[in-house]
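The following exercises are to be worked through with the sequence and the coordinates at hand. Each task is followed by a stepwise solution.

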Amino acid sequence: MAALALLALLLPGVLGNEFSVLRSPESVVFRDGKWPIPGDRIPDVAALSMGFSVEEDLSWPGLAVGNLFHRPRATVLVTVKGVDSLGLLKNGVVSYPLENRVYMVGKANAVFEDLSVTLRQLRNRLFQDNSILSSLPLNSLSRNNDVDLLFFSELQILHDIAALLSRHKHLAKDHSPDLYSLELAGLDEIGKRYGEDSQQFKDASQILTDFLQKFADEMYDLYGGNAVVEVVTVKSFDSPLVRKTRSILQAKQNNNPGNPYNLAYTYNVNYAVVFNIILWIMLGLALAVIIISYGLWNMDPGYDSIIYRMTNQKIRMD
């Protein structure tokens, strides 16, 4: 799988946050509900929604079984730091509580190497003629403040990603599924600078919400309506990771308290493949035995059996 991930992301200990699906094709069904999803299973959600298998079964009921023969060509995951929820109330947006941590890794495509990455490049990009500053309502935010410019530069990167894909449309039309993983920390910096009750934070939240909706629509259209666009909002990453331990002196009957009836283990990902191989081979062999038996039963030894012909001819010669 050729993945186009622009940023690797490790968000430990996120609590009381949200996982939202902005756009998705009809072949991927997300049920409307308030089922919490562990953050470390979000990569599995992305893999399953794109038709790939995962090592550990996902029991989360939010993702339903969709069309197995029509899977999305791309998944876009945007992580927004510094806010619990953005209030994405557009029709079709489904949100779920998020717990634990998020972990995504990937490799960037060479096409995106032209994007601005340093602070100087980002600042210069914002003051070009075709930047987003000429179209966005700044409201209480300022062009002369570094924190505000950091927030706008992240929005500019989202805009430039969609613009690059529109110029390199072959990336969205190839047969390799794409994964975009992006982290936005500008809103968190604005909250630290002005306070979460300030007008600047409220204006930035509204600008970001509207811009993410627009970005989701653009990415969805670039892939011909065959892409999943997701947003994760995390308030804080301050909670440390907790490493679970188990005593080697633990009683044997308590090793698996979730399975008191000693049920069989769950099947692995290769079960369906092995089952189909054995099933169709057995059916083929059974069908071959039936056909051969039918042919032998209705065979005329005087005309069909080469053994009879050779034996009969030898008797006559003797």
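**Exercise 1. A span annotated in a record**

Task: For residues 277-297, determine how far apart the end C-alpha atoms lie and what share of the span is helix or strand.

Solution. 
Step 1. The model is a predicted one.
Step 2. In the unreviewed UniProt entry, residues 277-297 carry the annotation "transmembrane region".

**Exercise 2. The chain as a whole**

Task: State how many helices and strands the chain has, and what percentage of its residues is buried.

Solution. 
Step 1. The chain contains eight helices and ten strands.
Step 2. Of its 318 residues, 40% are buried.
Step 3. The contacts may then be sorted by sequence separation. Among those between residues at least 6 apart in sequence, 83% join residues at least 24 apart.

**Exercise 3. Helix 3 against helix 6**

Task: Classify the packing of helix 3 and helix 6 from the angle and the distance between their axes, and describe the residues of the contact.

Solution. 
Step 1. Two packed helices are described by the angle between their axes and the distance between the axes.
Step 2. For helix 3 (residues 146-167) and helix 6 (residues 199-222), the angle is about 10° and the axes are 10 Å apart.
Step 3. Helix 3 is therefore roughly parallel to helix 6, because angles under 35 degrees count as roughly parallel.
Step 4. Helix 3 contributes Phe151, Leu155, Leu158, His159, Ala162, Leu165 and Ser166 to the contact, while helix 6 contributes Ala204, Ile207, Leu208, Phe211, Leu212, Phe215, Glu218, Met219 and Leu222.
Step 5. By class, the residues of this contact comprise 13 nonpolar, two polar and one charged.

**Exercise 4. Residues in loops**

Task: Decide whether Leu86, Asn139 and Val269 are buried, partly exposed or exposed, and place each in its loop.

Solution. 
Step 1. Leu86 is located in the loop between strand 6 (74-81) and strand 7 (94-99). Its relative accessibility is 10%, so Leu86 counts as buried.
Step 2. Leaving aside neighbours within four places in sequence, Leu86 is in contact with Glu18, Val80, Leu187, Ser205, Leu208, Thr209, Leu212 and Thr233. Leu86 and Val232 are 146 residues apart in sequence, yet their C-alpha atoms are 9.6 Å apart.
Step 3. Asn139 belongs to the loop between helix 2 and helix 3. With 55% relative accessibility, Asn139 counts as exposed. Asn139 has a positive phi of about 55°, although it is not a glycine.
Step 4. Val269 sits in the loop between strand 10 (227-234) and helix 7 (271-297). Its relative accessible area is 40%, and Val269 is thus partly exposed.
Step 5. Neighbours within four places in sequence being left aside, Val269 is in contact with Ser53, Val54 and Glu55. Between Val269 and Asp57, 212 residues apart in sequence, the C-alpha to C-alpha distance is 8.4 Å.

Technical notes: Residues are numbered from 1 along each chain as its sequence is written. This is a predicted model: local features need pLDDT of at least 70, side-chain atom pairs count only at pLDDT 80 or more; totals for chains, interfaces and linings use all residues. Side-chain values use heavy atoms; hydrogens and water are left out. Axes are lines fitted to C-alpha atoms, for helices over the stretch in contact, and angles run from 0 to 180 degrees between N-to-C directions. Helices (H or I, at least four residues) and strands (E, at least two) are DSSP runs, numbered from the N terminus. Angles under 35 degrees count as roughly parallel, over 145 as roughly antiparallel, 65 to 115 as roughly perpendicular and the rest as oblique. Contact means heavy atoms within 4.5 Å. Ala, Val, Leu, Ile, Met, Phe, Trp, Tyr, Cys and Pro count as nonpolar, Asp, Glu, Lys and Arg as charged, and the others, Gly among them, as polar. UniProt positions are given in the numbering used here, feature names are shortened, and annotations may be inferred rather than shown by experiment. Buried means under 20% relative accessible area, exposed over 50%, partly exposed in between (1.4 Å probe, protein chains only).
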